Amino acid sequence: MLFFLKVWGLQLTLVLAVLRLIGTLDPSHGLRTDGAAVGILLAGCGAGAGYIVYSHSGATPGVWLGYLVLAVYLTVCTITDIQTCRVYDILQVPAAAAGAWLCIRQPAAAESGTGLILFALLQYLLFMRLYGEGDVMAFQICALYLAGGGGNFLTMLLHMALAFAMLGAMQLAKGNINRKGNLKSPVPFLPYIACSVLWFL
């Protein structure tokens with residue numbers, strides 16, 4: 001319990017610091033403190049700390065800190081995507097670096113590396129046309145962490161499929177899907193990417 005509170009508090013502090021940094025660097029950020037943002041903040045910190053405690057409490061500090069970076073990244077990006085429909089490029093650098101470090105800290109299976117390459121090609125050559133670059137980068141960063149945990153191309157595809165299924169189910173319930181199966185109005189995709197990756201980490 002003490003370790004959970006420690007990780008939860010650290011993630012909360014880092015998320016608030018990053019949001020404050022965004023507010024300082026981008027005066028027209030459009031971020032606001034409301035009930036939805038607080039709910040995402042608490043849920044994101046709870047999910048991140050819960051995953052780390054459940055899966056990596058016995059790991060070296062470097063490993064759980066790597067996953068903490070992912071939790072901070074996904075929490076902040078979910079808030080910014082919902083409130084402003086933007087994902088800041090600067091957020092992707094530490095998350096990608098931490099994911100890459102987790103991949104190279106131990107010899108990864110050849111299929112994990114091949115999966116990363118194939119998934120990157122799929123994202124940039126095909127799916128870049130369907131959703132924003134921020135969503136593509138979020139999938140790529142999640143793929144790094146999945147590969148670091150031994151995941152392969154199929155794992156990455158299943159993560160993407162679950163994110164789309166969650167998006168489709170939610171928007172169908174809201175009546176935001178037309179007869180052709182497309183969204184009537186665009187919606188933030190990061191929340192679905194963030195929620196679905198927990199099933200595969």
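pLDDT is the predictor's confidence in each residue, from 0 to 100. This is a predicted model, in which local features need pLDDT of at least 70, side-chain atom pairs count only at pLDDT 80 or more, and totals for chains, interfaces and linings use all residues. Residues are numbered from 1 along each chain as its sequence is written, and side-chain values use heavy atoms, without hydrogens and water.

**Exercise 1.** Find where confidence is lowest and highest in the chain.

*Solution.* Next, go through the helices (DSSP runs of H or I, at least four residues, numbered from the N terminus). Helix H5 (residues 110-125) has the lowest confidence, at a mean of 87, while helix H8 (residues 190-197) has the highest, at 96.

**Exercise 2.** Describe the largest pocket and its lining.

*Solution.* A pocket is an open set of points on a 1 Å grid over the protein atoms alone where a 1.4 Å probe fits, with protein on both sides within 12 Å along at least five of seven lines; lining residues have an atom within 4 Å of a point. The volume here is about 470 Å³. Then look at the 20 lining residues: Leu-130, Tyr-131, Leu-167, Leu-183 and Val-187 lie nearest the centre. Finally, helix H7 gives the most to this lining, with 3 residues.

**Exercise 3.** Now try the second largest pocket.

*Solution.* The space in this pocket is about 360 Å³. Of its 21 lining residues, Gly-44, Ala-47, Thr-75, Ala-194 and Leu-198 are the closest to the centre. Helix H2 gives the most to this lining, with 8 residues.

Terms used. Helix = DSSP H or I, 4+ residues; strand = E, 2+ residues; numbered from the N terminus. Points joined across faces, edges and corners; volume = space filled by probe spheres on them.
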